[in-house]
Amino acid sequence: MMTHQDVLRYLVNHMEEKTQTTETSRFDVTLKELNIGSYGNNIHVATSDTPLLTVLELLWYKRISSIPIVDKRTGRVCDLYCKSDVMFLCRINDKYEEHLEMRVANELEMLKTKGVRESKHEGMFTCRPNDTLRTVVRKFVETGAHRMISMDEKTGACTAVISLSDIFTWIVS
């Protein structure tokens, strides 16, 4: 069975083998210029104080796979809550419904404590707003990530959320 990562790995190898052509030069354009990912009002964030239930509702109703968690004072991205975190929470805690009103930061810390996440930033991979599609595809392959947060280099604010689905949608369109 082939995974998204297998296909991306093939693309990276294919990009390296080919000389610079029109076909591969599209990979040297920034994600923003290609309109790959979610930007502006399409980015949904939460603060570390946000109740887990609110974060889960955002994931469900907005049909998104992750929510950047930002510092309330600075707006800087400090973590990421993903759909996979929901599955881990359900697996490690029989009474997960008791946690719905807890802060999302507490839930992420619990995942770390239970050994599901090794570090605060596990699962949060970043790129820069001016990274090219080639650079980001390589980062996806190297990290095995399913999504990346594009962060402003000065403020640390979330400028975009890019998922594997966004990249594959662009490739096949």
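Predicted model: local features only at pLDDT ≥ 70, side-chain atom pairs only at ≥ 80, totals over all residues.
Modeller: Residues are numbered from 1 along each chain as its sequence is written, and side-chain values use heavy atoms, with hydrogens and water left out.

Biologist: What makes β3 and β4 a pair of strands?

Modeller: Strands are DSSP runs of E with at least two residues, helices are runs of H or I with at least four, and both are numbered from the N terminus. Two strands pair if DSSP finds at least two bridges between them. Strand β3 (residues 66-70) and β4 have 5 bridges in the antiparallel sense, so they meet that definition. In β4, D79 is the bridge partner of I69, and V77 stands opposite V70. The two strands form a hairpin with 6 residues between them, where G75 in the turn has a positive phi of about 80°.

Biologist: How do you know that β2 belongs to the sheet?

Modeller: β2 and β3 run parallel and are joined by 2 bridges. A46 stands opposite I69 in β3. The open sheet has the order β2-β3-β4, with mixed pairing; its edge strands, β2 (46-47) and β4 (77-82), each pair on one side only.

Biologist: Why is β3 called largely enclosed?

Modeller: Buried means under 20% relative accessible area, exposed means over 50%, and partly exposed lies in between (1.4 Å probe, protein chains only). Because 5 of the 5 residues of β3 are buried, β3 is largely enclosed by the rest of the structure. S66, P68 and V70 are buried on one side, and I67 and I69 on the other.

Biologist: What puts the buried residues of α8 on the same side?

Modeller: In helix α8 (residues 164-172), the buried residues are L164, I167, F168 and W170. They cover an arc of only 160° around the axis, and therefore lie on the same side of α8; the arc is that of the directions from the helix axis to the C-beta atoms. The face turned away from this buried side carries the exposed residues T169 and V172.

Biologist: Which element supplies the largest share of the lining of the largest pocket?

Modeller: α8 does, with 3 residues. β3, β7 (158-163) and α8 each supply at least two residues of that lining.
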